[in-house]
Amino acid sequence: MAEITEGVRPAWVDDELFPFESHFIEIGGHTVHYIDEGAGPTLLFLHGNPTWSFLWREVIAALREDFRCIALDYPGFGLSTAAPGYRYLPEEHADVVTGFVDALDLDEITLVGQDWGGLIGLAVAQRRHGVFERLVLANTWAWPVNGVLHFEAFGRLVGGAPARWLVRQFNLLVNGFIPTGHRRRTPTPAEMTHYRRALGTPARRHAAAVLPGRVLASRAFFAEVEAGLPGLAHLPTLIVWGDADIAFRRQERDRLEATFPDHKTVIIEGAGTYVESDAPEEFVAAIRDWTAPPKATT
């Protein structure tokens, strides 16, 4: 299976399933793919692992009527390509997203982050105070988890050498995480093809293989993000939570709620890790309800 070609949208991307124009921009030597749809207040969508901007397609297709919807792929994910020497660490992804925000001269942003995208986006928001105005956080976290049995087991098992080999050779994360992360519906064969083809070679899969081990190994970065949370605590925050997620639990949601006092929580019952893809209509409704101006009283 061929590698992703730098700066080219592959023919296997279905224009009906992913009905957006692909853009490419150079950030720090990387060729970053992104979509930029609609007009209005800016929503910046950040994905996790092993997904890409494709994850947000149904949400963006609905919200672009009223918002400017931007979603990028980190180097090595989706249709983006990494410069030589890139290690695919979350702290490096945060550098790239920061450069992306600067390059597009984005302002008055609402971050929409899921899984790693929440943590990475919060790191970027700390570096660009005043640029981010609101937060939408979905099944994510923003602090070190070393010593927490739930995450220690994941980081050591899925982040260990045998699992990394399986990821690179057999696309283990896509074939395992994408189906189990959807609890309300089953991803279609065409959807699975788009996730598999984006990580279609062992070399491409290295990006996804790295991140599970960084749950423990990037502790210093997570501590830096945690230390910066008080500077963002004033931002209005929408927490959208799939409560059937086996990765992020009520404990993580409770801590986010305590971190951001000006929050609204919407629990989507029965939805999994990829709540925006598992229950897109409810995800869209949560954002629309939260952003709607208050009704005038008579």
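**Close-up views of a predicted model**

**View 1. Asn-171 lies in the loop between helix 5 and helix 6 (172-180).** The model shown here and in the other views is predicted. Phi of Asn-171 is near 55°, a positive value in a residue other than glycine. Asn-171 counts as buried because its relative accessibility is 5%, and buried means under 20%.

**View 2. Helix 5 (residues 161-170) meets helix 8 (residues 202-217), their axes coming within 7 Å.** The two axes cross at roughly 140°, which means that helix 5 is oblique to helix 8. The crossing of these helices is right-handed. Helix 5 contributes Arg-164, Val-167, Arg-168, Gln-169 and Phe-170 to the contact, while helix 8 contributes Pro-202, Arg-205, His-206, Ala-208 and Ala-209. Sorted by class, the contact of helix 5 with helix 8 has five nonpolar, three charged and two polar residues.

**View 3. A cis peptide bond joins Asn-49 and Pro-50.** Omega for this bond is about 5°. Pro-50 belongs to the loop between strand 3 and helix 1.

**View 4. Thr-51 is found in the loop between strand 3 (42-46) and helix 1 (57-63).** With a relative accessibility of 0%, Thr-51 counts as buried. A polar atom of the Thr-51 side chain lies 3.4 Å from the backbone oxygen of Gly-48. Leaving aside residues up to four places away in sequence, Thr-51 touches Phe-77, Ile-178, Tyr-195 and Tyr-274.

**View 5. Asp-115 sits in the loop between strand 5 (109-114) and helix 3 (116-127).** Asp-115 is not a glycine, yet its phi has a positive value, near 55°. At 8% relative accessibility, this Asp-115 counts as buried.

Conventions:
Residues numbered from 1 in each chain as written. Predicted model: local features only at pLDDT ≥ 70, side-chain atom pairs only at ≥ 80, totals over all residues. Heavy atoms only, no water. Axes fitted to C-alpha atoms, helices over the stretch in contact; angles between N-to-C directions. Helix = DSSP H or I, 4+ residues; strand = E, 2+ residues; numbered from the N terminus. Parallel < 35°, antiparallel > 145°, perpendicular 65-115°, else oblique. Left-handed = near helix turned anticlockwise from the far one by under 90°. Contact = heavy atoms within 4.5 Å. Nonpolar A, V, L, I, M, F, W, Y, C, P; charged D, E, K, R; others polar. Buried < 20%, exposed > 50% of the residue type's maximum accessible area, 1.4 Å probe, protein only. Polar contact = N/O pair within 3.5 Å; in protein donor to acceptor, adjacent residues only side chain to side chain.
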